[in-house]
Amino acid sequence: MSPAGFAAIILAAGSGTRMKSTIPKVLHPVAGRPMIGHLLEVLHPLQPAETVVVIGPHMEAVARFVAPATSVIQDPPLGTGDAVRTGLAALDGRLAPRGAIDNVLILYGDTPLLTTAALAHLLAEQQATPAAVLLAGMRPADPGPYGRLVTGRGDGEVERIVEAADATPAERAIGLCWGGLMLIQGSHAAELVGALDRNNAQREFYLTGIVGLARARGLRCRMVELPVAELIGVNSRAELAAAEAMMQDRLRCAAMAGGATLVAPQTVFFGADTKLGRDVVIEPNVTFGPGVAIGDGALIRSFSHLEGAVVGPGAIVGPFARLRPGAVLETGVHVGNFVEIKEATLGAGAKANHLSYIGDSTVGGGANIGAGTITCNYDGVNKHRTTIGAGAFIGSNTALVAPVTVGDGAIVAAGSVVTRDVPADALTLGRGQQIDKPGRATEIRARLRRNG
Ligand code: UD1
Ligand code: MG
């Protein structure tokens, strides 16, 4: 599929000024995954010889996130052309004709909607008809600030890219834009990028100048048009929201194509890595954060929020349930309204149907957790574990003060505060005694009326 060998350079050093953020632009999430993570994900199946990420100074967080991909620092960032020059330095000696890297794939870190198929298409096109530079073109509804592709004789050849800020009115009227994705032949890359200048409105080294330079040397520059939905760039919060909406639509379609029922698709929000089994039903208004897997036939009811959770086959979650990281519900578990589960495993068939917090716990199969049960897992300094045995019954409004274990089959009476381990099959009552005084209510009311 791919030409003999290619390396990827992802540009991520820009300051992202238009985001007005202290977080580097490429770490802003789309479907719960940093934008640059989407690019690494789609590149992975194509097995680049190397992936180099160009970051700016003080972007250690990006370097940490992309590891084990190589990060190189562009200091100071002087434009996209300068960024590619910095990235190429990390491939020194490995580019064709001396090295095995025939092509360098340039990706912009702010294009999170790219797919593996689009990249594979570009690589295949380059193999079929090699060019010094192969660009991904697109036709956005509003070409706005995108670079315009000035094409020659309609044969797929591109003469140059002109940035919107530098374009004449006639050039601005061109609907064909550059989508921030290109392949440069390894044998030409260093020379062409080295020849870029800063003669433009921003006084930056624009990578886009590479096309004019290649043409001036008599080299071929070609273009393949890709769907705009895969190439949109994110430069502002509004564009981030637009990318999120497009990604969510894609994820909803994939979920339904994979055999899940979404009662109201537009109200369900997925993480990029949400995994759904067959015949999962998701009611309206459900949000999935990162790291969720749902087993076959599970029902996720309205207004539930899940993150870092595994839901077993046939389980029922919600309405209004919150599954936090480390929640594991085995087969057929029921978790009902206003129940929060964190770092806890509920064994097959266990039920916690109303108003509970279960954290740092192990709950055995078939156990019943009554309404209002709280695992008191935090003493203000440390977290402690609660273990509830298989088939145990925890009465309503029980506080389990961890560390504590309730044995298999035990019954804890409603309203108990459990501070010691409960043996298996025991009945435990940990509450104040009830005292009944017959007739006293009438007496008290009479006295109160007299005094009032
Ligand atoms: C760029 C293109 C434009 C194209 C659009 C596609 C240029 C000059 N313009 O515009 O033709 O249509 O993308 O989305 O290339 N970056 C660095 N170092 C720098 C500057 C930027 O690594 O010195 C990185 C940014 O982090 C970003 C990417 O390069 O990931 C693109 O930069 P950005 O400022 O977003 O360029 P656009 O104005 O969107
Ligand atoms: Mg951009």
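This note comments on selected features of a predicted model.

1. **Packing of helix 3 and helix 6.** Two packed helices are described by the angle between their axes and the distance between the axes. Helix 3 covers residues 80–89 and helix 6 covers residues 186–194; they pack at an angle of about 140°, and their axes are 10 Å apart. That angle makes helix 3 oblique to helix 6, because only angles over 145 degrees count as roughly antiparallel. The crossing of the two helices is left-handed.

2. **Residues in that contact.** On the side of helix 3, the residues involved are Gly-81, Val-84, Arg-85 and Leu-88, and they meet Ala-189, Ala-190 and Val-193 of helix 6. By type, the residues of this contact divide into five nonpolar, one polar and one charged.

3. **Helix 10.** Residues 440–451 form helix 10, which has twelve residues. From its first C-alpha to its last, helix 10 reaches 17 Å, close to the 16 Å expected at 1.5 Å a residue. How many of the twelve residues of helix 10 are buried? The number is zero, so helix 10 lies largely in the open.

4. **Cis peptide bond at Pro-76.** Asp-75 and Pro-76 are joined by a cis peptide bond, for which omega is about -5°. Pro-76 belongs to the loop between strand 5 (70–73) and helix 3, and helix 3 is the helix that packs with helix 6 in point 1.

5. **Cis peptide bond at Pro-319.** The bond that runs from Gly-318 to Pro-319 is also cis. Here omega is near 5°. Pro-319 is located in the loop between strand 21 (316–317) and strand 22 (321–323).

6. **Positive phi at Phe-303.** Phe-303 is not a glycine, yet its phi is positive, at about 60°. The residue sits in the loop between strand 18 (299–300) and strand 19 (305–306). Its relative accessibility is 44%, so Phe-303 counts as partly exposed; that class lies between the limits of 20% and 50%.

7. **Positive phi at Asp-425.** Asp-425 is likewise not a glycine and has a positive phi, of about 65°. Its place is the loop between strand 33 (417–418) and strand 34 (427–428). Is Asp-425 buried or exposed? With 64% relative accessibility, Asp-425 counts as exposed, because the class begins over 50%.

8. Apart from neighbours within four places in sequence, Leu-323 is in contact with His-305, Leu-306, Glu-307, Ala-309, Val-311, Val-317, Leu-329, Val-335 and Ile-341. Leu-323 and Ser-304 are 19 residues apart in sequence, and their C-alpha atoms are 8.0 Å apart in space.

9. **A buried lysine.** Lys-342 is found in strand 24, which spans residues 334–346. At 11% relative accessibility, Lys-342 counts as buried, because burial means a value under 20%. Which residues does Lys-342 touch, if those up to four places away in sequence are not counted? They are Arg-324, Pro-325, Tyr-357, Ile-358, Gly-359, Asp-360, Asn-377 and Lys-383.

Methods:
Residues are numbered from 1 along each chain as its sequence is written. Chains are lettered from A and ligands numbered from 1 in the order in which they are written. This is a predicted model: local features need pLDDT of at least 70, side-chain atom pairs count only at pLDDT 80 or more; totals for chains, interfaces and linings use all residues. Side-chain values use heavy atoms; hydrogens and water are left out. Axes are lines fitted to C-alpha atoms, for helices over the stretch in contact, and angles run from 0 to 180 degrees between N-to-C directions. Helices (H or I, at least four residues) and strands (E, at least two) are DSSP runs, numbered from the N terminus. Angles under 35 degrees count as roughly parallel, over 145 as roughly antiparallel, 65 to 115 as roughly perpendicular and the rest as oblique. A crossing is left-handed if the near helix is turned anticlockwise from the far one by less than a right angle, and right-handed if clockwise. Contact means heavy atoms within 4.5 Å. Ala, Val, Leu, Ile, Met, Phe, Trp, Tyr, Cys and Pro count as nonpolar, Asp, Glu, Lys and Arg as charged, and the others, Gly among them, as polar. The expected span of a helix is 1.5 Å times one less than its number of residues. Buried means under 20% relative accessible area, exposed over 50%, partly exposed in between (1.4 Å probe, protein chains only).
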